[in-house]
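Keep the model open while you read.

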Amino acid sequence: MSCDFLAAALPSVQKLSPYVPGKPVEELARELGLNPEDIVKLASNENPLGPSTHVCTAIAEALPELTRYPDGSGFALKAKLAERYNVDPAQITLGNGSNDILDLVARAWLAPGRNAVFSAHAFAVYPIATLACGAECREVPAKNYAHDLEAMAAAIDENTRVVFIANPNNPTGTWFDQNALNSFLRQVPAEVLVILDEAYIEYAADSDLPDGMDYLSRYPNLLVSRTFSKAYGLAALRVGYAISSKTVAGVLNRVRQPFNVNSLALVAAQAALDDEDYLERSRLLNTQGMQQLEEGFKQLGLSWLPSRGNFIAVNFQRDASAINQALLEQGVIVRPVAGYAMPTFLRVSIGTQAENQRFLDVLTQVLNRA
Ligand SMILES: *Cc1c(COP(=O)(O)O)cnc(C)c1O
């Protein structure tokens, strides 16, 4: 008799649904016999600009060092981030993507008998990280698809160790303002860690979104998580960071893999921080593309959730899977979000002007046919 290793896994792991990523271009090309060049992927909130040339040069220069282990302390990148945010390097944790940070937090503070609080329609990695550690998910109903911070604060009990909030949230694009964050942080008990996931915050500059960094000195139980995957255009390299109290960073440092961020990612992230022009162009393209998609949706009579990210959730008011399938058949990849309890929506990442137009043209055809 062979062992049933699924039955032998942690009970919470047995209940866990694996993360479903956006469909890769190459995969759809194989399935449809299409040229990858003819496929538009607006499914993973990737930066449509392609990597900064500055970053590519830095990576090329680092290649001869590939036989060596990376600097496991991430000294140079931390120094740069510390200067940028006016914090001590000891407050910084680097991650293999910011998903790594979320996982480290779960491993350090979650376990069977403990729970994590997060919102309905929140990022899929929160339940995955929580269940992987045997802890319980306390999913709080959303308010118009957005985090209901009052209800989330009320959902915290004596077994809660972590609260995950995202501003803006993915896949909804919804956000909360300074007053809401202030009032929430005041209600959270000092022994509960608040993970403020700001993966898209660079797109929300000069908006009504609070800057998590401004709250760190007042709230030692706050951790702000950010990434180089989105506005900095480095999703493939996997590099993110957290800023928190030194104590929290020290705990994360105990559980992280010694070389969790690779050397190319480290040099690329440093170069990316210097490339202000790239960030500015990313923001501009995003603002224009968001307007373009909203205008297109309006003309098609579709509703959507206003978004502060680099993506937008559009509502078809009926199951969207057939529309998604029809888009795929025309070489357009967007993201179904039925797994986020949003079966009538599709999430569309903001692309280049031409990519957005191609998506809108194909969508128009698909809707006219139906
Ligand atoms: C994309 C995203 C991240 C970033 O993931 P990385 O691991 O840094 O690539 C984190 N949180 C949310 C909500 C996201 O959408």
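## Pockets, cavities and salt bridges

In this predicted model, the largest pocket has a volume of about 590 Å³. Its lining runs to 30 residues, and those closest to the centre are P18, V20, A124, G339 and Y340. By class, the lining of the largest pocket is made up of 20 nonpolar, 6 polar and 4 charged residues.

Where does the lining of the largest pocket come from? Strand 3 (115-119), helix 7 (125-132), helix 13 (321-329) and strand 12 (335-336) each put in at least two residues. Helix 7 gives the largest share, with 3 residues. As for domains, domain 1 (20-50 + 277-369) and domain 2 (53-274) both give residues to this lining, so the largest pocket lies between them.

Next comes the second largest pocket, at about 490 Å³. It has 27 lining residues, with Y19, S44, N99, F123 and K230 nearest its centre. Helix 6 (98-109) and helix 7 each bring at least two residues to this lining. Domain 1 and domain 2 each bring at least three.

Now for the closed spaces. How many cavities of 30 Å³ or more are there? The count is 2. The largest cavity holds about 70 Å³ of space, and its lining includes D71, G72, S73, G74 and K78, along with R256, P258 and F259. That lining divides into 5 nonpolar, 4 polar and 3 charged residues. The second largest cavity holds about 50 Å³, and among the residues that line it are E46, N47, P48, Y203 and S282, plus I350 and G351. Here the classes come out as 4 nonpolar, 5 polar and 1 charged.

On to the charged pairs: side chains of opposite charge can pair when their charged atoms come close. The structure holds 15 salt bridges, and here are some of them.

| Salt bridge | Closest N to O distance |
|---|---|
| D88 and K246 | 3.4 Å |
| R308 and D208 | 3.1 Å |

D88 forms a salt bridge with K246. D88 lies in the loop between helix 5 and strand 2 (92-95), while K246 is in helix 10 (residues 246-255), so this pair ties together parts that are 158 residues apart in sequence. D88 counts as partly exposed, at 32% relative accessibility.

Then there is R308, which forms a salt bridge with D208. Both residues are in loops: R308 between strand 9 (303-305) and strand 10 (311-315), D208 between strand 6 (193-197) and strand 7 (222-227), so the pair ties together parts 100 residues apart in sequence. R308 is partly exposed at 27% relative accessibility, and D208 is partly exposed at 37%.

Finally, which residues do salt bridges with shared partners join into one network? They are K23, E27 and E31.

Definitions and conventions:
Residues numbered from 1 in each chain as written. Predicted model: local features only at pLDDT ≥ 70, side-chain atom pairs only at ≥ 80, totals over all residues. Heavy atoms only, no water. 1 Å grid on protein atoms, 1.4 Å probe; cavity = no way out; pocket = protein on both sides within 12 Å on 5 of 7 lines; lining within 4 Å. Points joined across faces, edges and corners; volume = space filled by probe spheres on them. Nonpolar A, V, L, I, M, F, W, Y, C, P; charged D, E, K, R; others polar. Helix = DSSP H or I, 4+ residues; strand = E, 2+ residues; numbered from the N terminus. Domains from an automatic or database assignment. Salt bridge = Lys/Arg side-chain N within 4 Å of Asp/Glu carboxyl O. Buried < 20%, exposed > 50% of the residue type's maximum accessible area, 1.4 Å probe, protein only.
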